[in-house]
Amino acid sequence: MPMRANSELEAGLVGLVPEVRAHAMRLVGDATAANDIAQDAIERALRFADRYDQGTNLRAWVFRIAFNVFVTHWRRRRRERRALQHLATDPCAWTAPTSFGPPDAGEGALLRSTRVKLEALAPPFRAVIILVDLERRSYEETAGVLGVPVGTVMSRLHRARKRLAAEMSNERDAA
């Protein structure tokens, strides 16, 4: 796409932001979610600017992108709800955790080597391990404390556990 056409597209998108936001608001009925959808739609329109046919209806193209983003978000939330529902109803989905306590808490406390590895994790990963595994908070409660979606908590927890296990395995292999 020529430079001039690209700048015209960007100018057109800037002008459409309020309309895209209003369209997203009609789809979801929540201002925060509508802003997220509008932002994602504009970002995708810019990323895929080469797919826009110059001279066609830019508004319709961006609204279609916004609708597709809405559907993607809706499907993701539905998958998260189903996963949580499955985890809540299937007794085999969870392993029975041993009694952990916060570091230095006496009975059930973490070993010093485990604490060192936990402290070495990046703060977002360390936070979910502490909140979910050590403090035994629910995913929803952890999401509220951290201000992130439940799916993000689940993903971070999975990756944090995986990193912690890999570090522990490396230590075991080195010994």
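Reader: What makes Glu43 count as partly exposed?
Author: Its relative accessibility is 41%. Buried means under 20% relative accessible area, exposed means over 50%, and partly exposed is what lies in between (1.4 Å probe, protein chains only). So at 41% Glu43 counts as partly exposed. Keep in mind that this is a predicted model, where local features need pLDDT of at least 70 and side-chain atom pairs count only at pLDDT 80 or more, while totals for chains, interfaces and linings use all residues. Residues are numbered from 1 along each chain as its sequence is written, and side-chain values use heavy atoms, with hydrogens and water left out.

Reader: Why is the pair Glu43 and Arg47 called a salt bridge?
Author: The rule asks for a side-chain nitrogen of Lys or Arg within 4 Å of a carboxyl oxygen of Asp or Glu. For Glu43 and Arg47 the N to O distance is 3.4 Å, so the pair passes. Arg47, at 48% relative accessibility, is partly exposed. Both residues sit in helix α2 (residues 31-47), 4 residues apart, about one turn of the helix. Helices here are DSSP runs (H or I, at least four residues), numbered from the N terminus.

Reader: How many salt bridges does that rule give?
Author: The count comes to 6 salt bridges. One of them joins Glu19 and Arg59, with the closest N and O atoms 2.5 Å apart. That pair links distant parts of the chain: Glu19 is in helix α1 (residues 3-28) and Arg59 in helix α3 (residues 58-89), 40 residues apart. Glu19 is partly exposed at 34%, and Arg59 is partly exposed at 40%.

Reader: How do you know that the length of α2 agrees with what a helix should span?
Author: The expected span is 1.5 Å times one less than the number of residues. For the 17 residues of α2 that gives 24 Å, and the end C-alpha atoms are 24 Å apart, so the two agree.

Reader: And which residues of α2 are buried?
Author: Ala34, Ile37, Ala38, Ala41, Ile42 and Ala45. The face turned away from the buried side carries the exposed residues Thr32 and Gln39.

Reader: Why is the pair Tyr52 and Trp61 called tilted?
Author: A pair of aromatic rings is described by the distance of the centres and the angle of the planes. Rings of Phe, Tyr and Trp (its six-membered ring) pair if their centres lie within 6.5 Å; planes under 30 degrees apart count as stacked, over 60 as edge-to-face and the rest as tilted. Tyr52 and Trp61 are 5.1 Å centre to centre with 45 degrees between the planes, so they form a tilted pair. Tyr52 and Trp61 are both buried.

Methods. Helix = DSSP H or I, 4+ residues; strand = E, 2+ residues; numbered from the N terminus.
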